[in-house]
Amino acid sequence: MTRSIARATHVTLTTLEGVPGKEIIEHYGLVQGSTIRAKHVGKDILAGFKNIVGGELKAYTELLQESRKEAVNRMVMQAEELGANAVINIRFATSSVAPGAAELFAYGTAVKVR
Amino acid sequence: MEQIIIFLILLGVGYFLGNRREQKHYEDIKRREKSTLHVPLMSWGAKQELPYAHDAEMFVGSVVVANDYFKTVSASLRNLVGGRVTVYETLIDRGRREAMLRMKESAMEWGASQVINVRFETSNIGGQGQAAGAVEIMAYGTGIR
């Protein structure tokens, strides 16, 4: 996995209620990003074979990591539009909305820090 | 008759390969946990005063794990009488420690001195048929330096 989950951006992401060493000067409220991904049929068949021996399903891990990046990027884009330079208190949620499809959801609070 | 033979072969393959992979994975996890021991992980950090740091960044580690055939069968047998399902416990334990290590290692690459406010998320992503029983485990937290 790359160093950071988001693409190169000047927006700081934290799971804390602030950015250490900086002061919050403005709140912009909740920002969120989500994506729903379905599995690839080929990958599904391979994963079925993998289910005999168990262990990590690398194809799925990569698929979900990519999708989560997408969700985070959408959240960051929203924050940028509002003029924020940090998103704090980020949380993730995952739920399977239909057989074979998963929703990945990221949300946080957009703020301006100094 | 053929079906029984196929079932037994799958059971045997699942048992031997699954066990071997699990042992190897546990060895790998223990080795990596030892070598990353100097960077502490904390589950607090949201309600306290913010620690002093120059830089903060979020890190995520995730893994999708699935049961082997033998475990699936033994868990479904366990379902008949209820009680502790050890075969699933080890699977989830492996996954959670792996996810934690991935998060920690990417934070260490960045130069984190500690990772705070770590949260876990577990979800069943198995869809229809064979792939049922796949679980995604993710860990995320804020690295500071």
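A residue is called buried here at under 20% relative accessible area, exposed at over 50% and partly exposed in between, using a 1.4 Å probe and protein chains only. The model is a predicted one, so local features need pLDDT of at least 70 and side-chain atom pairs count only at pLDDT 80 or more, while totals for chains, interfaces and linings use all residues. Residues are numbered from 1 along each chain as its sequence is written, chains are lettered from A and ligands numbered from 1 in the order in which they are written, and side-chain values use heavy atoms, with hydrogens and water left out.

Phe92(A) and Tyr140(B) also pair up through their rings, edge-to-face, at 4.7 Å centre to centre and 90 degrees between the planes. Rings of Phe, Tyr and Trp (its six-membered ring) count as a pair if their centres lie within 6.5 Å, and the pair is stacked with planes under 30 degrees apart, edge-to-face over 60 and tilted for the rest. Since Phe92(A) belongs to strand S4 of chain A and Tyr140(B) to strand S3 of chain B, the pair joins two chains. Helices (H or I, at least four residues) and strands (E, at least two) are DSSP runs, numbered from the N terminus. On Phe92(A) there is also a charge: the charged end of Arg68(A) sits over the ring, 5.8 Å from its centre. That label requires NZ of Lys or CZ of Arg within 6 Å of the ring centre and within 35 degrees of the ring normal. Arg96(B) does likewise over the ring of Phe120(B), at 6.0 Å from the centre.

Over all chains there are 6 aromatic pairs. The rings of Phe105(A) and Tyr107(A) are stacked, because their centres are 5.3 Å apart and their planes at 25 degrees. Phe105(A) is partly exposed at 21% relative accessibility, and Tyr107(A) is partly exposed at 30%. In chain B, Tyr15(B), Phe16(B) and Phe70(B) make up one aromatic cluster.

Phe92(A) turns up again in the largest nonpolar core, which has 17 residues; Leu13(A), Val72(A), Met75(A), Val87(A) and Ile90(A) are listed with it as having the most contacts inside. Such a core is a set of buried Ala, Val, Leu, Ile, Met, Phe, Trp, Tyr and Cys residues joined through side-chain atoms within 4.5 Å. H2(A) gives the most to this core, 4 residues.
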